[in-house]
Amino acid sequence: MNKVLLYCRQGFEKECAAEIAEKAAALGIFGFPRVKENAGYILFEGYQPDDGDKLVRELPFPRLIFTRQMVAVGDLIRDLPQEDRVSPIVAALLGAVKRAGDLRVEVADTNESKELLKFCRKFTVPLRIGLRQAGILLNHENAKQPLVHVFFIAPGHCYVGYSLRNNNSPFFMGIPRLRFPSDAPSRSTLKLEEAFHVFIPADEWDERLASGMYAVDLGACPGGWTYQLVQRGMMVHAVDNGPMAPCLMDSGQVMHHREDGFKYRPTRHNVYWLVCDMVEKPVRVARLMGTWLVNGWCREAIFNLKLPMKKRYEEVSHNLSMLAELLSENGINAQIQARHLYHDREEVTVHVRRIWSAAGGRRDER
Ligand SMILES: C[S@@+](CC[C@H](N)C(=O)[O-])C[C@H]1O[C@@H](n2cnc3c(N)ncnc32)[C@H](O)[C@@H]1O
């Protein structure tokens, strides 16, 4: 297969395209993105016949920021006959995928696709049977084998292909389904919850999101992010001039500091988490996060970079490189990941984990 299909948020196709072109080229894979504005996906077509297969194998999915799912695909299948939609899909997959572990019949995340999604749900059952009969799909779900994706862009028109389990999003359409907790003070709470799901492996939650940990939340009001930390049993220093939701203050786990988040400094040595959702220029936020990490004021950080500007991919890349350089100059070994989450709008969410720190000086940039 020579193409990859990349799902993204509607309106972010250009960012997704700029990113794949750059990251594919860095792997020596050249091609061109096909972009339709507001489609909710893009296609990257490689010049070599197996470039799609190579990309899903070699380009680490967690390194992609604006992509929700990455699938190797062939050419668009057009005009599926109503009397037998299954056979052309089976024919397109034969030879390309064998013994896959499961099937997803999906659409782009747009309003226009909602009707089509109803059809996808119904079509999954006969298609699964057809794929099993052809040996493309195993008879039982298998979480280690590739996933078959059938992606409808219009009635009767779809891309078909596969993603690899160790290099894809585990979620249907690349979107984690989270329920808004009715007692949370703001919908933003879902951003931090989604960030935990995306950045922290489930089997490490008990250790890295543990009860009794100390956390600092910069730009905390009304408290959606603090709510997530409190729910996990943490003690939270919430920094913001605005009012915090009374229910959080009543928990006894929150200390509210009416201060400027850029000037606030931790009062304890054992802060594990720093989270930050201040609406500010990305460069200021990235530098502030660097200061905390370099000085060892936290072990892990999750923060948003707001992107009201036009060149969003360039802005994010520039700030992430600047942060990586700052950490490296100071002898900090860190893992940096960024993702345009489902619950993010004009912003991306970044996660940084300090792995260890060699001896280093202190920096304090305000
Ligand atoms: C998007 S809201 C945060 C929402 C919050 N994460 C939640 O889930 O409820 C941004 C907050 O940042 C605060 N903020 C902006 N600049 C700040 C600064 N320099 N210091 C402290 N807070 C700041 C604002 O007062 C506002 O409450």
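Trainee: Which polar backbone atom lies 3.4 Å from an oxygen atom of the ligand?

Mentor: This is a predicted model, and in it the backbone atom belongs to P222. To read a ligand site, start with such polar pairs and then look at the cover. Taken alone, the ligand exposes 600 Å², and the protein buries 76% of that.

Trainee: How many residues are around the ligand, and which come nearest?

Mentor: There are 16 residues around the ligand, and G224, D240, D260, G261 and D277 come nearest. Next, sort the shell by class. Six residues are nonpolar, six are polar and four are charged.

Trainee: Which residue does the UniProt annotation "active site" cover?

Mentor: According to the UniProt record, an unreviewed entry, the "active site" annotation covers K306. Treat that as a label from a record, and then look at the residue in the model. K306 belongs to strand β12, which spans residues 300-306.

Trainee: Is K306 buried or exposed?

Mentor: The general idea is to compare the relative accessible area with a cut-off, and buried means under 20%. K306 has a relative accessible area of 14%, so this residue is buried.

Trainee: What does the side chain of K306 make a polar contact with?

Mentor: The partner is the side chain of D277, at 2.7 Å. Leaving aside neighbours within four places in sequence, K306 is in contact with K191, D277, M278, V279, E280, P282, E346 and E347.

Trainee: Which residues does UniProt list for "domain: Ribosomal RNA methyltransferase FtsJ"?

Mentor: The unreviewed entry lists residues 186-279 under that name. To read a span like this, check its ends and its secondary structure. The end C-alpha atoms of residues 186-279 lie 15 Å apart, and the span is 30% helix and 21% strand.

Trainee: What joins the side chains of R68 and D109?

Mentor: A polar contact of 2.9 Å joins them. Apart from residues within four places in sequence, the contacts of R68 include Y7, F61, D109, S169 and Y342.

Trainee: Which residues is V97 in contact with, leaving aside its neighbours within four places in sequence?

Mentor: On that basis, V97 is in contact with I136, V148 and Y162. V97 is found in the loop between α3 (86-93) and β5 (102-107), and with a relative accessible area of 6% it is buried. V97 and I332 are 235 residues apart along the chain, with their C-alpha atoms separated by 42 Å.

Trainee: Which helix does T124 lie in?

Mentor: T124 lies in helix α4, residues 114-133. At 13% relative accessibility, T124 counts as buried. Not counting residues up to four places away in sequence, T124 touches L103 and V105.

How values were computed
Residues numbered from 1 in each chain as written. Predicted model: local features only at pLDDT ≥ 70, side-chain atom pairs only at ≥ 80, totals over all residues. Heavy atoms only, no water. UniProt positions renumbered as here; feature names shortened; annotations may be inferred. Helix = DSSP H or I, 4+ residues; strand = E, 2+ residues; numbered from the N terminus. Buried < 20%, exposed > 50% of the residue type's maximum accessible area, 1.4 Å probe, protein only. Contact = heavy atoms within 4.5 Å. Polar contact = N/O pair within 3.5 Å; in protein donor to acceptor, adjacent residues only side chain to side chain. Near = heavy atom within 4 Å. Areas by Shrake-Rupley, 256 points an atom, 1.4 Å probe, with all protein chains shown as cover. Nonpolar A, V, L, I, M, F, W, Y, C, P; charged D, E, K, R; others polar.
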